[in-house]
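This report describes selected features of one protein model, going from strand pairing to helix packing, cores and individual residues. Please keep the sequence and the structure in view while reading.

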Amino acid sequence: MTSTHIAAIPTGFEGDVLTPDDPGYDGARAVFNAMIDRRPAMIAQCRGDADVQRAVRMARAHGTEIAVRCGGHDVAGNALSDGGLVIDLRRMDGVEVDREAMTVRVGGGATTSAMDRATQPYGLMTPGSRASTTGVGGFTLGGGSGWLERKYGLACDNLLEAELVTAAGEKVKAGEDRDPDLFWALHGGGGNFGVVTSFTFRLHELPDVTLALLLWPAEAGEEIALAYRDLMETAPDELGGAALYLTPPREEFVPEEMLGRQAFAILLAYAGTGPDADAAIAPMLGLGHTGGVVLERPYADMQSMLDEPAGLRNHWSAEHLHDCPDAAVAVYSARAAGMIVPSPSLHTLIPCGGALADPGARYPVPWRNAAWIVHPIALWEDAADDERAIAWVRAVRADMKPYSTGDVYLNYIGDEGRGRVEAGFGAENYRRLAEVKARYDPGNLFHLNQNIRPA
């Protein structure tokens with residue numbers, strides 16, 4: 001971008017425009033993954049739809065590469081463009097709850113924490129991410145997988161309407177009865193079709209949840225994972241969670257001897273409290289855990305208790321499994337030995353099913369019909385560990401391939417090639433998505449994403 005390009009956008013622009021020489025620029029370009037160090041020519045901190053329109057039109061007129069930033073949580077760093085324009089939505093973070101209609105309207109730059117905190121006083125929720133710092137935008141457009149999806153479905157299942165700015169700089173609205181093809185594409189198709197400036201979601205009553213985090217020595221992991229698998233085969237839809245290898249943090253419920261060492265944990269998240277919740281988690285409580293805690297908390301509090309720290313180096317991936325036989329559990333458990341310990345890394349085994357499964361395949365998210373997901377999350381501080389951490393994630397994927405469906409939740413991976421992008425949608429869905437892309441972004445202006453090429 002030249003100075004002429006940079007001068008073009010501020011005219012009538014209500015937000016702030018940052019360039020590399022401006023105070024605050026470095027803070028504004030920082031994203032969740034510390035491995036990403038890109039220097040945009042300009043960061044347009046938009047305050048409203050009109051700002052987004054101005055930014056898109058300027059970029060299109062000058063052939064400028066666009067990145068769209070919501071939460072900046074994407075592991076590939078697609079919220080930034082080297083030498084291009086970042087459309088930063090974080091100031092468009094308003095949340096409006098309509099208690100009577102049981103809906104919430106959320107700005108495109110809001111985090112799931114902002115959404116959860118706004119709905120919590122009403123005893124209401126809509127499914128959010130497993131990390132409260134995640135942006136609602138990228139999370140929802142990628143499908144939106146969360147702790148209680150077995151009960152309430154994906155975030156996109158609860159999407160009622162979306163407003164967006166297209167590649168032509170036009171404002172459009174999509175819903176079931178207004179451009180249903182675009183609305184369908186927004187259920188998993190990512191940021192390929194425009195800059196979504198607001199979402200309207202369906203709300204559910206859920207004042208409190210029951211959360212249990214139980215710890216065992218790492219060597220007990222395979223045995224406990226098998227018991228957890230058996231439990232989840234018949235568990236009520238209200239029960240979600242994960243099995244995971246981790247380095248326990250310093251907390252009151254963590255025994256001193258477990259600190260700094262790898263452990264195995266079961267996370268149980270139940271949508272509700274009382275006798276039904278107690279009965280659902282009881283089988284795991286009877287397996288002699290070494291440490292742990294059982295809490296009843298508001299949903300928003302649960303969501304923020306499990307956040308991963310920002311500013312670390314990140315590499316993630318996933319394999320979605322047809323089922324989870326004993327042999328798969330053994331392979332999953334054996335690979336835990338390759339994790340960086342101590343570190344905030346997580347080696348997770350996540351149950352699917354319940355409301356997550358969609359035999360009718362209404363939306364372009366075929367991965368939702370898997371039985372389990374293995375999701376290795378490498379988080380570390382020292383760049384000297386890059387090769388080791390990335391190799392561990394890749395080795396987990398390779399070992400789990402014999403059990404894989406071939407589908408993948410694209411929010412769980414970085415840049416893993418064209419084949420993985422198409423696997424995230426399915427071949428037939430991809431063809432239809434490419435047709436919608438051709439209508440709304442024929443020049444592929446919005447390509448810093450899990451990209452769908454226009455038909």
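Strand 3 and strand 4 (residues 85–88) pair in the parallel sense, and four bridges connect them; two strands are said to pair if DSSP finds at least two bridges between them, and both helices (H or I, at least four residues) and strands (E, at least two) are DSSP runs numbered from the N terminus. Within this pairing, Val68 stands opposite Ile87 of strand 4. The model is a predicted one, in which local features need pLDDT of at least 70 and side-chain atom pairs count only at pLDDT 80 or more, whereas totals for chains, interfaces and linings use all residues. Residues are numbered from 1 along each chain as its sequence is written, and side-chain values use heavy atoms, with hydrogens and water left out.

These two strands belong to an open sheet of four strands, arranged in the order 1-2-4-3 with mixed pairing. Its edges are strand 1 (16–18) and strand 3 (66–69), each of which pairs on one side only, and the twist from one strand to the next averages 20°. Helix 3 (residues 49–62) packs on this sheet and touches strand 2 (42–45), strand 3 and strand 4, with its direction making about 165° with that of strand 4. Contact here means heavy atoms within 4.5 Å, while axes are lines fitted to C-alpha atoms (for helices over the stretch in contact) and angles run from 0 to 180 degrees between N-to-C directions.

## Asp51 in helix 3

Asp51 lies in helix 3, and because its relative accessibility is 1%, Asp51 counts as buried; buried means under 20% relative accessible area, exposed over 50%, and partly exposed in between, with a 1.4 Å probe and protein chains only. Not counting residues up to four places away in sequence, Asp51 touches Gly12, Phe13, Glu14, Gly15 and Cys46. A polar atom of the Asp51 side chain also lies 2.9 Å from the backbone nitrogen of Arg47.

## Strand 6 and its partners

Four of the five residues of strand 6 (residues 103–107) are buried, so strand 6 is largely enclosed by the rest of the structure. Strand 6 pairs with strand 5 (residues 95–98) in the antiparallel sense over four bridges, and Arg105 is the bridge partner of Glu96. In the hairpin that these two strands form, with four residues between the strands, Met102 takes a positive phi near 60°. Strand 6 is also joined to strand 10 (residues 195–202) by five bridges, the two running antiparallel, and here Thr103 has Arg202 as its bridge partner.

Strand 19 pairs in the antiparallel sense with strand 18 (residues 346–351) over six bridges, and Leu349 stands opposite Val374. Its antiparallel pairing with strand 16 (residues 313–316) runs over four bridges, with Ile377 as the bridge partner of Trp316. With strand 17 (residues 319–321), strand 19 pairs in the antiparallel sense over three bridges, and Leu321 has Trp372 as its bridge partner.

A nonpolar core is a set of buried Ala, Val, Leu, Ile, Met, Phe, Trp, Tyr and Cys residues joined through side-chain atoms within 4.5 Å. The largest one has 76 residues, of which Leu148, Leu182, Leu186, Phe193, Phe201 and Leu206 touch the most other members; its largest share, five residues, comes from helix 14 (residues 427–440). A second, separate core of 42 residues includes Ala220, Ala378, Trp380 and Ala389. Leaving aside neighbours within four places in sequence, the contacts of Phe193 include Leu164, Leu182, Leu186, Leu433, Val436 and Tyr440.

The axes of helix 13 (residues 418–425) and helix 14 come within 6 Å and cross at roughly 95°. That angle makes helix 13 roughly perpendicular to helix 14, since 65 to 115 degrees counts as roughly perpendicular, under 35 as roughly parallel, over 145 as roughly antiparallel and the rest as oblique. Arg418, Val421, Glu422 and Phe425 of helix 13 make the contact with Ala427, Asn429, Tyr430 and Leu433 of helix 14.

Definitions and conventions:
A polar contact is a pair of N or O atoms within 3.5 Å; within protein, one must be able to donate a hydrogen and the other to accept it, and residues adjacent in sequence count only if both atoms are side-chain atoms.
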